[in-house]
Amino acid sequence: MNRLLPCITVCGLVLIVVRAGPAPADDGNPSSPLRKALKDPAPEARLRAALALAKENDAESIPVLIDLLAELPREKRRTIEEFLRQLAGEWAPLDRTIGEDEIGRRIRRDAWAAWWRATEGKALLDSLRKHTPSTGTGEKVRGLIARLDEDKFALREAAFTELLALGRIALPQLQKAAKGESRRAARQAEMLIERIENDSAQRLPLAVLRLLAVRKPRDAAESVLAYLPIAEDDTHSTEARKCLAALALRDGELEPALLHALADARLETRAIAAEALVQGGGAAGREAVRKLLRTDKPAVRLRIALALARSGTRDGVTALIDLLAVLSDDEAGLAEEALCQLAGDTAPDVLPGSDATARQKYRDAWAAWWKVNAGRVDLARLSAPLSLGYTLICDTNRNRVYEIDRYGKERWAIENLQYPIDACTLPGNHVLIAEYRGARVTERDEKGKIVWEKQVDGRPVSVQRLSNGNLLIGTLHGGILEVDRGGKEVGSFKDALGGIMAAYRSRKGVTVCLSRTDQCVLLDAAGKQLKSFAVERGLGGNIGRLDVRPDGHILIAQGRRANKVVEYDSDGKKLLELTASDATTATWMPNGHVLIASQGGQRVYELNRAGKIVWEHKGGSPYRARRR
């Protein structure tokens with residue numbers, strides 16, 4: 001992979017949505033109504049109070065919930081058990097059939113009570129520290145890696161064994177060694193990386209981070225900050241950030257470790273600490289980080305501004321707009337995405353540009369928009385998550401659909417498909433896939449197991465999950481189908497266009513399709529043609545080269561000799577034209593950028609609205625790519 005985002009490790013991380021503002025209403029006060037209710041003689045009163053407090057990471061409520069397992073009937077107990085299992089994760093007591101009699105309920109309670117005793121604060125910190133480098137670890141790992149190149153087998157073997165025992169702590173340096181000049185040491189490093197990454201025992205249980213947020217032992221925030229730079233993956237990083245937000249207040253005061261981290265020499269640490277204080281430190285936390293909005297690097301200010309805006313603080317939006325004049329093209333993507341979420345259809349019609357003058361003009365356009373709309377924009381719109389940075393790719397030549405993270409590392413793959421030409425992710429980590437040669441649309445989990453299937457006549461060329469839960473399926477020769485969850489056709493538009501290349505529906509209910517004769521046709525809910533316009537010929541006319549934005553704007557990829565992508569409005573007016581080398585398909589992104597899949601160029605790349613490539617992934621034969 002060739003990444004063109006040098007700052008993405010700073011500004012492109014997943015932004016965590018947690019409850020912003022002060023701690024729970026009772027704030028640990030033993031005389032508060034909720035805390036008094038924990039001792040109420042009525043089990044249902046204790047249940048309501050304990051669940052409310054537990055959802056705010058309150059440790060005192062957990063034993064109350066566990067005790068209630070012995071008192072409540074199955075129906076009332078289910079809510080408790082679901083909450084406890086989510087908190088315990090891989091440490092949940094074994095699920096087994098236990099009777100509903102009095103003794104059975106006690107057994108269930110005692111199993112969870114033992115779990116709670118075993119996960120006290122010191123044990124959690126000890127577990128986390130085993131996955132965190134300590135002082136001197138780096139030097140030790142360097143010495144061991146140097147011994148991987150020794151001539152004597154016994155010395156190499158001993159070093160290999162010690163590095164394997166160190167586990168994930170050694171991974172960052174092993175990854176550098178795998179690219180080093182010594183071929184022998186590089187091969188050994190590659191073997192170690194594979195062994196460590198595939199060993200489940202080497203992974204930190206997510207329950208450690210969830211429970212630290214509840215237990216809140218002293219030194220927890222400092223330990224989580226030390227762990228974050230080597231977090232295993234985005235899931236662990238997400239949980240660690242949630243944990244820090246929950247730790248932002250200690251006994252009603254801001255966590256000293258987070259305040260100290262605001263002055264850390266490492267930019268990333270400052271940004272993480274600031275986000276946690278904004279998200280979990282209430283008004284005091286937001287005030288503590290405001291000074292960084294004036295003094296720190298743009299990448300840190302971006303993260304703080306986003307966190308403030310998502311907490312409902314309008315100063316955060318103002319800061320985002322001001323940053324548009326100074327952010328680099330790749331950094332600006334997150335700011336643009338957030339602003340576009342807030343603005344919806346009222347976003348200013350100005351392109352960002354790449355030089356200082358154009359950026360200032362872009363900033364001024366958004367500032368004018370904010371002046372008019374500041375009092376009426378609902379900041380709750382930002383509750384929808386920003387991009388996770390995951391890219392879904394359909395590789396037709398290799399008959400697979402897979403997803404990569406922002407660094408190009410493969411997260412999962414579904415193999416042995418039959419020319420997957422379109423796909424999109426669904427809630428619950430499921431994937432919807434249109435298989436052109438298989439003449440079917442399937443919904444699968446990330447391991448490839450089919451959970452739903454629909455055979456389609458006429459070769460599917462596009463698929464879309466609609467807001468009502470139905471599917472819109474475009475077919476090359478069979479028209480456009482709308483089917484419900486049971487696979488029943490609830491609507492169909494027969495093909496009178498000489499073949500359909502793709503079809504998608506806007507949020508306004510208009511279905512847009514592209515014909516093989518390069519006509520873009522708009523249909524109403526009954527399939528009646530509303531309007532049509534000619535687009536420039538595809539010069540090879542790839543299937544699927546259409547995409548439709550929620551606001552109804554239309555993207556057409558003009559691949560091969562034309563080498564461009566064009567954006568039209570619903571009347572066929574050309575709004576934007578970008579050079580896009582060998583574009584097979586083009587997909588819109590919420591920040592206004594365009595994601596290009598190039599089958600011939602064997603790459604996926606992202607263009608900003610000035611036409612600059614700001615991200616790229618090479619490999620395979622990508623036909624369609626989507627970002628989430």
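Predicted model: local features only at pLDDT ≥ 70, side-chain atom pairs only at ≥ 80, totals over all residues.
The axes of α4, residues 61-68, and α5, residues 74-88, come within 10 Å and cross at roughly 130 degrees. The crossing of α4 past α5 is left-handed. On the α4 side, the residues in the contact are Ile62, Leu65, Ile66 and Leu68, and they meet Ile80, Phe83, Leu84 and Leu87 of α5. By class, that contact of α4 with α5 has eight nonpolar residues, no polar ones and no charged ones.

Now the second pair. Helix α7 covers residues 121-129 and helix α12 covers residues 206-215; their axes come within 10 Å, with a crossing angle of roughly 140 degrees. These two, α7 and α12, are therefore oblique to each other. Here too the passage of α7 by α12 is a left-handed crossing. From α7, Gly121, Leu124, Leu125, Ser127 and Leu128 take part, and they meet Val208, Leu209, Leu211, Leu212 and Arg215 in α12. The contact of α7 with α12 divides into seven nonpolar residues, two polar and one charged.

A word on the whole chain. In total, the protein has 22 helices and 26 strands. For 628 residues, a compact globule would have a radius of gyration near 25 Å; the value for the protein is 27 Å, which agrees. Along the principal axes, the C-alpha atoms fill a box of roughly 70 × 70 × 55 Å.

Another open sheet of four strands runs in the order β18-β19-β20-β21, and its pairing is antiparallel. Its edges are β18 (546-548) and β21 (574-579); each of them has a single partner strand, so one side of each lacks a neighbour in the sheet. Ignoring direction, neighbouring strands in this sheet are turned by 20 degrees against each other on average. Inside the sheet, β19, residues 554-558, and β20, residues 564-568, are paired antiparallel over five bridges. Gln558 stands opposite Lys564 in β20.

Last, the hairpin. Strands β16, residues 519-523, and β17, residues 529-534, run antiparallel and are joined by five bridges. Leu522 has Lys531 in β17 as its bridge partner. What lies between β16 and β17 in the hairpin? There are five residues between them, and in the turn Gly527 has a positive phi of about 90 degrees.

Key. Residues numbered from 1 in each chain as written. Heavy atoms only, no water. Axes fitted to C-alpha atoms, helices over the stretch in contact; angles between N-to-C directions. Left-handed = near helix turned anticlockwise from the far one by under 90°. Contact = heavy atoms within 4.5 Å. Nonpolar A, V, L, I, M, F, W, Y, C, P; charged D, E, K, R; others polar. Parallel < 35°, antiparallel > 145°, perpendicular 65-115°, else oblique. Rg over C-alpha atoms; globule rule 2.2 N^0.38 Å. Pairing = 2+ DSSP bridges.
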